Amino acid sequence: MAQRSSPGAPALPRAGDMQRKRTRIAYLSLLPVLLILLLVKAYPILATIYRSFTNWDGLYKHDFVGLANYKEFFGTGLFMTLFKNNLVLLLSVPLQVIIGLIVAVLLYEQVPGWKAFRAIYYIPQIISLVILGYLFRSMFSLDGPVNKVLEALGFSSSVREWMGDGSTALPIMVGCITWYSIGWQTIVILGGMSGIDPSVFEAARLDGANFFQRTFKIVLPMITSVITYCVVMAVVWTFTSLFSLIYSMTGGGPGYETMTLDYMIYEKSFVTGSQLGMACTISVVLFIIVMLITAAEMKLSDIAEQKWG
Amino acid sequence: MKTSLSKHQRFWRTFGRVVIFLVLLILAISFLYPLYYMLINSLKSLGEYYVNPFGLPREQLQWQNFITMISQFKILKLFGNSFIISFFTVLGLVVFGTLASYSFAKVNFKGKNGVYLVILTTLFVPAQVTMIPMYISFAKVGLVDNFLGVVIAYWAMFLPETIMLMTANFKSIPNELLEAATIDGCDYIGRLRHVVMPMGWPAISLTIIFFFISSWNDLFTPMVLLKSMDKRTVMVALSSLIGRYTGDPPFQYAGLLMSAIPALAVYAVFQKSIVKGMSMGAIK
Amino acid sequence: MKLQMKKAIALLLAVVLMLGTLAALTGCAKKADSNKLTIWINGKDSYIGPSEQKLAQEDWYISQAIKRFEDANPGVTVELVVSADGETAHQTFKADAMAGTAPDLANLWTGQNIFSMEDVILDISSLIPAEDKANITGWDSVTSPATGAVLGYPTSDNQICFFIYNKQIIKDCGLDFDNNPPRTIEEFNAACQTILDKGYQPIASDESFPWFGCYIVGYWWVQQSGMDRILSDCKGETSFTDDPGLLSATEYYRSTMVNGYLNADAVTSADSWNKFCQGTVAMMPQVSSVVSDAETALGAENVGVMLPPDFAGAQITDKTIGGPGQCLVVSKDCKNPELAVKFLSFLNSKDEVMKFLQVQSKVPTRTDITAADLGLTEGSASAKLFTWADKTVYWVDNSLYTNIVGDFYNLLPLVLAGKMTPAEFAADLDSKVVK
């Protein structure tokens, strides 16, 4: 206890000791997280990988079938259909991040009404995706508001069953996801901007940097790690959490035209009951895809960070 | 300086501002629409809702839906359950997340990148499939039908994202401040308390907002893990109102609207500390 | 440094200890008690009706039935658990069964949904009183075709699929569905054409969700091919491609859209029920539980129901798709199966079913209850449904094998939209057969 008056640092122990101690403390502070993940996630993840090679029915039947599930999934072309849809939906990621960044800088610069906007923009995140999906679907239904407006403006030839074809339904979903995520992106980026010294910002403004220069040349390089977070989470979210939105907008249909990998996992594990082995297979495939994309993103952001210092 | 602008330039600048304001306003209205939709429908009778789901209520307003939510559906009791779960979820995320993220952001240690990546990868596995094995192991140790089980499941679900968010933000804490604190006699925990917590408060606020709301709104985990009627969360109870063939959407909307209030309140309180905006920002 | 380590370790220990005690505290609460039953009831479409949702839990029919059972059997307690979602309940039931913590009784879906769970559901055939077997219908929906095991009691809601129609529109078109409904496909087409010519939408349906196609096309299929043929198609002994019933049923389904009888946006619409309630649509394929909602919206005197028309030369006629879609099963973990079955028998007794029908308008699965017993107005839609209790052919979609039903649901809308031919559809189903 006598140490209290002369704690750690100034004694300057040898570098190797320091390093070892630092590592020990770091791992100690990571321990709760590692323990929780190990206890809760490790077994289910390993079990999922193992069962992707079985014909698991959710109960006791899990005979080893080798690569049969993988062959079926890739061989029937189902994978490409679903993956292609996932890729289209991924287009919302750059959209939401860029719009979020612009809105965040606008709010940071205190445009008129910024307080109200900041309070309102997050609201979609609080409302059930099922309701939002239903509203979008109604908006684009055959005699919904969008078609009515088109008709009134004289574009009767453009009136169509928007959700009835993947080529129109998927872009609408991209719009919906972007719309839904703007508020989330905005407040994350605002949070990141709190680390920026306002004098830097003010100086750039006085130097005559216009809005886009301020946004992309000043702000963006200073918050690359936060932007990386935004992009990674948006990608992960788009790949793994769109079920309820798709469910209420199209149900994955018509056919499989708007169905995604995670929706299929849901279908295989719940709707068609006993094909959990296949659901595990799709999960493993999804896992690998998201991991590769995330690794690429991180690499990119490392390069960006080095470039911008 | 403004005098150097010509009339012409000033016009375009004002025009630009008006356009930006209008775009932001239209977005804001679109974000408010779902709440409006839920409100108008929560005040309709079931019959009127089926006939007229998008118009304003024309018959007598059904405030009864809200009263019944409190008196019969006991929604306030359900709020209590949801609140306990969300509160402890967020508490754990903040404590464990801050500890871990400080290490990731500011301490150089062996194997850092490897551990970080392993933690992240747990994000990529969709919950639908891991739920069954997790459920079975939880059932064996008595974590089913137990708030703690749900809280632990949420910790495992949200910690990777929390750590990513906090680490990204903590990186911008100036090293000089930490060194200064060390020289002032702060130990590890002291630096966390006196430097990391206040400087990283925006990220901590974001964590509180995101995961209070995520856990408050989540359906799947509590639906699977909680059984007893007196332990159900508000979202689980509300979701049981609408079936494949039957249900009373106006009544459900009334409940959903009420259950949005705590989430909105948490957002309203914590959003203020995310960023103070430019003019007030120079506190450092 | 040492102090910091100590602090960190103390913090960790505290956390671990906290978690440990909490887990231990809650873990030992469970006690095996053979006089206690736990029952899972689906929150939707089951024992808790829409009107009951606005009542306190103790006022629900099911809570009161449990109380009556407890009063009649001193010492017995029944704990009610409401599963919010039926689909998830099946998975949770499986997981619970594997963990050894399954409830004694559970409310699951009939057909393939439970047949694929025979490992964890008790065969109660030897425990069912003979009287129940005689007076209750729908046993085939819970009897495994493979082993003959009876896996539960069908619940007393016989969902029947039919066309609900707006009497005013029909009358306006000079038709009389009440006394002279179209019974053949030709008559049905003619009626639709008349309605269409008069400027009304003949049929509205939301097909993005398994509905008209899934149910009534299923009827047209089974009435021509028979259930045995459908099951043999599923097994791969015969093929869907060579199944003329499937082809002609799906072809006719497509023609309803081509001819304009079915709403043009059937594949994506979400508002056909709103349109029916607004009174702009003549007919809609529906199930029994919505009749009361329609009567509220349009007035009871304006709502009629009729059976779907029949294909010429079909082996099954004058029937429709339906049957109990839900059942109550006893799990293999149940400590006291006799008591569990006694409770099921009690819940399905005439007395209880009568009480249940006061709360929800459903068609019972008991043969000894008449429309008059329930005081239904003669000629009303509800009374008519009642007389159809024996006219149901069990749900085709619930009979399809699990590896096939997914494509059946997902691809049928493509046939309707003309993006896939019936032959391609059949070939796809064939490709999903596991031999």
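A polar contact is taken here as a pair of N or O atoms within 3.5 Å; within protein, one atom must be able to donate a hydrogen and the other to accept it, and residues adjacent in sequence count only if both atoms are side-chain atoms. The structure is a predicted model, in which local features need pLDDT of at least 70 and side-chain atom pairs count only at pLDDT 80 or more, while totals for chains, interfaces and linings use all residues. Residues are numbered from 1 along each chain as its sequence is written, chains are lettered from A and ligands numbered from 1 in the order in which they are written, and side-chain values use heavy atoms, with hydrogens and water left out.

Across the interface of chain C and chain A, 15 residue pairs are in polar contact, both residues of each pair being at pLDDT 80 or more. Four helices of chain C, namely α1 (2–27), α3 (86–99), α11 (272–278) and α17 (402–417), each supply at least two residues of the side that touches chain A; helices (H or I, at least four residues) and strands (E, at least two) are DSSP runs, numbered from the N terminus. The largest share of this side, 9 residues, comes from α17(C). By class, the side of chain C that touches chain A comprises 18 nonpolar, 12 polar and 8 charged residues, where Ala, Val, Leu, Ile, Met, Phe, Trp, Tyr, Cys and Pro count as nonpolar, Asp, Glu, Lys and Arg as charged, and the others, Gly among them, as polar. In terms of contact (heavy atoms within 4.5 Å), 38 residues of chain C meet 36 residues of chain A. The buried area, defined as the accessible area (1.4 Å probe) that two parts lose on being put together, summed over both, is about 3400 Å² for chain C and chain A, with carbon and sulfur atoms giving 60%. Between these chains there are 3 salt bridges, a salt bridge being a side-chain nitrogen of Lys or Arg within 4 Å of a carboxyl oxygen of Asp or Glu. One of them pairs Lys275(C) with Asp143(A), whose closest N and O atoms are 3.5 Å apart.

For chain A and chain B, 86 residues of chain A are in contact with 87 residues of chain B. The two chains bury about 7500 Å² between them, and 79% of this area lies on carbon and sulfur atoms. Within chain A, the residues that lose the most area to chain B are Arg118(A), Ile126(A) and Tyr229(A), together 9% of what that side buries. The count of salt bridges between chain A and chain B is 0, whereas 11 residue pairs are in polar contact across this interface, both residues at pLDDT 80 or more. Helix α1 (residues 15–51) of chain A gives the largest share of the side that touches chain B, 20 residues. That side of chain A has 62 nonpolar, 17 polar and 7 charged residues.

Over all chains, 19 salt bridges are found. In one of these, Asp96(C) pairs with Lys227(B), the closest N and O atoms being 3.0 Å apart. Asp96(C) lies in helix α3 of chain C and Lys227(B) in the loop between α11 (220–225) and α12 (234–239) of chain B, so the pair joins two chains. Buried residues are those under 20% relative accessible area, exposed those over 50%, and partly exposed those in between (1.4 Å probe, protein chains only). Asp96(C) counts as buried at 2% relative accessibility, as does Lys227(B) at 11%.

Within chain C, Lys391(C) forms a salt bridge with Asp318(C), with 3.0 Å between the closest N and O atoms. This pair links distant parts of the chain, 73 residues apart: Lys391(C) is in the loop between α15 (381–387) and β11 (392–394), and Asp318(C) in the loop between β8 (303–306) and β9 (320–324). Asp318(C) is partly exposed, with a relative accessible area of 34%. Arg183(C), Asp310(C), Asp318(C) and Lys391(C) are linked in a network of salt bridges.

Gln53(C), in the loop between β1 (36–42) and α2 (61–72) of chain C, counts as buried at 6% relative accessibility. Leaving aside neighbours within four places in sequence, the contacts of Gln53(C) include Phe73(B), Ser240(B), Phe251(B), Gly43(C) and Ile48(C).
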